[in-house]
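Please find below my note on the model under review. It is arranged as numbered points, with the criteria stated where they are used.

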Amino acid sequence: MSGDPILTVDRLMMRFGGIVAVNELSFAAERRKITALIGPNGAGKTTVFNCITGFYRPSGGAIRLAHDDGRTIQLERLNDFRISKQAKVARTFQNIRLFPGMTALENLMVAQHNALMRASGLTLLGLLGLPSWREAEQRAIDLARTWLTRVGLLDRADDAAGNLPYGDQRRLEIARAMCTEPVLLCLDEPAAGLNARESGGLNELLLSIRNEQGTSILLIEHDMSVVMEISDHVVVMDYGVKIAEGTPQTVRDDPKVIAAYLGADEEEAIAVMESGT
Amino acid sequence: MSATSARPSHAAQPSGSAFILKKALISALVALVLFSLMIGIRTEAGPQGGLIYWTRFGDLAALVGAVFGGSIVVELLRQWWGPVDKDRVVPKPVQSAMSFAGRWLAPALLVFTFLVPVIFYNQRYILDLSILVLTYVMLGWGLNVVVGLAGLLDLGYVAFYAVGAYSYALLATNFGLSFWVCLPLAGILAAFWGVLLGFPVLRLRGDYLAIVTLAFGEIIRLVIINWQSLTGGPNGVSGIPRPTMFGIPLTAGDDGLAAKLGIEFSPTHRLVFLFYLILAMALITNWVTIRLRRLPIGRAWEALREDEVACRALGINTTTTKLTAFATGAMFGGLAGAFFATRQGFISPESFTFQESALVLAIVVLGGMGSQLGVALAALTMIGGFELFRGLDQYRMLVFGMAMVLLMIWRPRGLIGHRAPTVFLERNQAISSDLVKEGHG
């Protein structure tokens, strides 16, 4: 692994009682690249995500985030909301977690909470309706409008998020995460439940986020069309350990990976591959 | 094949006379079992202290017969009405009329409220009642911040009302501070207690939060009862000074307002003054709440109600967000408490029982959680309606309970269930109550 990693996961351990969900996992995600974390169901991918985004406190190991300005943040020492507020790591959820009773625009405004709190002078200036607050609010609305346009939801800005179709909700959740202006965007199965056309649109969106915003992306995905098309680097997990990593091409041809997905022995997998070709 | 499958099935809704009779018989049987001991046999202590009893089988037969007949009538009515759905319960023209009324209701209500002391100047009872209603409107709006916006179920809201009332009463009687100095102090003290309550309950959700807040309300009341040296215990605090109009007392004396203005003194002046005072306080509560909803803190409250996990993922500090909700709600409760103390001139722990908390919570739930207009309407219905049924004596609670049950069947999410967005680009459209969450605590 050469280059400039934004996120370094070093011998990460996560135990739940006697169960070891993640065992000495080490990998790195490159800056301004898309890194995919794949593996069969129950491999521990979402647990890794929850450790990175502060929902779990790891049992051992280190997670380092290197900001553009040279700061390094130990993510395992932050928790809860501070991961998003201070470390600028945003995430989405496997089962969409929007605010269903609020409009799409409001969802994106909530995402800018910390910036707006500062602008409203911790509410006091905002309560008086000072011009500086009004400008800040207008800027926040403009940012939300930009992202609604990017994800193609501008005409549904004033609809309740819970009323949007499934695919739109997925994209709105990504837009909401981007409104926190993160350096690292963690997506938990963003293509789950999307049809072929929608996941094609998702690919374009993620590539544009990487290229235009320069945001690094870490994603968990089962949809191989997404993983193979847009990932720069793929990490494969099974039973809490890393079994392979590399470019999409090398991972696809790795017998260990195929064995893990087929639930078969390595030798059998090699036999299958050889008989197939 | 397709013709048979397309035919609507009647089997799902049994409607034959045999079904009706069967149902009526079962009801009659249940009634017989229930009433046979309660009505059929009457026991009493005899003259020698022994137990004597006699039977009343005639009354029992009449009651069982009534249940049998009533069951048939109810079932026939149900079949005549057809399956219950929303559109049938409220006919279309009524719905459209209501949406028209909805737009003009709030301004009309406000104008009417301003004119109440003019219209009912000579009716002391109505003025007193309107002051009471407005007090509950303010309490409802205060609790609405905690329950309606932040989705934190608070069953001990009366504690903050009590803190505000006692703050003013004790500061005014012990240190001679005026109402206008004590009012902000009462608000600040109540907010402080709100934060104090907030800390231990931050991790609790739903039922657990409700139980702890309920306990907090009781603790405050018990402390007031037992801390006799400070609060006077069950005797309460009396001789609380009446509010002055910026230093000018509303009394009959030479330095009173009436004498200064050169008009004849009337005790109604003070009532009118109290009316406009609580109206102003309630409207400030309303204005601040509406304002806060459009600020990041208010949006964070509502987001917290919708999904706490997502809030954390977006970098919102859920601890301070919850505490500010508790503190803001408590502050309004405390201000209303200070007003209550100055209006009554006397307060005792009896005014701050759990029943008050339940009443204010009922106002918020009935009004539609989060809706300002709904809460005002519910306070008017609950407090005003309660007075309306005063002639029914002991049946008052029964009628009132029935009315509430019916209202909740008709509008399960409160009088005004939909939510208005806080910001919009093109269309300001209300959000259906089906999508808005109640919060998990």
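The points below treat the conventions, the domains, the sheets, the helix packing and the chain contact.

1. Conventions. This is a predicted model, in which local features need pLDDT of at least 70 and side-chain atom pairs count only at pLDDT 80 or more, while totals for chains, interfaces and linings use all residues. Residues are numbered from 1 along each chain as its sequence is written, and chains are lettered from A and ligands numbered from 1 in the order in which they are written.

2. Domains. The bounds come from an automatic or database domain assignment. In chain A this assignment gives domain 1 (5–88 + 182–276) and domain 2 (103–180). The C-alpha centres of these two domains of chain A are 28 Å apart. For chain B, the assignment gives domain 1 (15–80) and domain 2 (101–365), with C-alpha centres 49 Å apart.

3. Domain contact in chain A. Two residues are in contact if their C-beta atoms, placed from the backbone, lie within 7 Å. On this criterion, 11 residues of domain 1 of chain A are in contact with 10 residues of domain 2 of chain A. On the domain 1 side, the elements that give two or more residues are α2, β7 and α8 (196–213) of chain A, and α8(A) supplies the largest share, three residues. Helices (H or I, at least four residues) and strands (E, at least two) are DSSP runs, numbered from the N terminus. By class, this side of domain 1 of chain A has seven nonpolar, two polar and two charged residues. Here Ala, Val, Leu, Ile, Met, Phe, Trp, Tyr, Cys and Pro count as nonpolar, Asp, Glu, Lys and Arg as charged, and the others, Gly among them, as polar.

4. Six-stranded sheet of chain A. Two strands pair if DSSP finds at least two bridges between them. Six strands of chain A form an open sheet of mixed pairing, in the order β6-β7-β8-β3-β9-β10. Its edge strands are β6 (89–91) and β10 (241–246) of chain A, each of which pairs on one side only. The twist from one strand to the next averages 20°. Within the sheet, β7 (residues 184–188) and β8 (residues 216–220) of chain A pair in the parallel sense over five bridges, and L185(A) stands opposite I217(A) in β8(A).

5. Helices on that sheet. Axes are lines fitted to C-alpha atoms, for helices over the stretch in contact, and angles run from 0 to 180 degrees between N-to-C directions. Helix α1 (residues 45–52) of chain A lies across β3 (34–38), β6, β7, β8 and β9 (233–238) of chain A, at about 145° to β7(A). Helix α11 (residues 255–262) of chain A lies across β9 and β10 of chain A, at about 130° to β10(A).

6. Four-stranded sheet of chain A. An open sheet with antiparallel pairing has the order β2-β1-β4-β5 in chain A. At its edges stand β2 (19–30) and β5 (72–74) of chain A, each with a single partner strand, so one side of each has no neighbour in the sheet. Strands β1 (residues 5–16) and β4 (residues 60–66) of chain A pair in the antiparallel sense over five bridges; the bridge partner of M13(A) in β4(A) is G60(A).

7. Helix pair in chain A. How do α3(A) and α7(A) stand to each other? Their axes come within 8 Å and cross at roughly 30°, and the two helices are therefore roughly parallel. Angles under 35 degrees count as roughly parallel, over 145 as roughly antiparallel, 65 to 115 as roughly perpendicular and the rest as oblique. A104(A), N107(A), L108(A) and A111(A) of α3(A) meet L172(A), A175(A) and R176(A) of α7(A). The residues of this contact divide into five nonpolar, one polar and one charged.

8. Helix pair in chain B. The axes of α6 (residues 124–149) and α17 (residues 372–388) of chain B come within 9 Å and cross at roughly 140°; α6(B) and α17(B) are therefore oblique to each other. The residues of the contact of α6(B) with α17(B) divide into 12 nonpolar, four polar and one charged.

9. Contact between the chains. This contact takes 33 residues from chain A and 32 residues from chain B. On the side of chain A, α3(A) gives the most, with five residues. The residues of that side divide into 14 nonpolar, 12 polar and seven charged.
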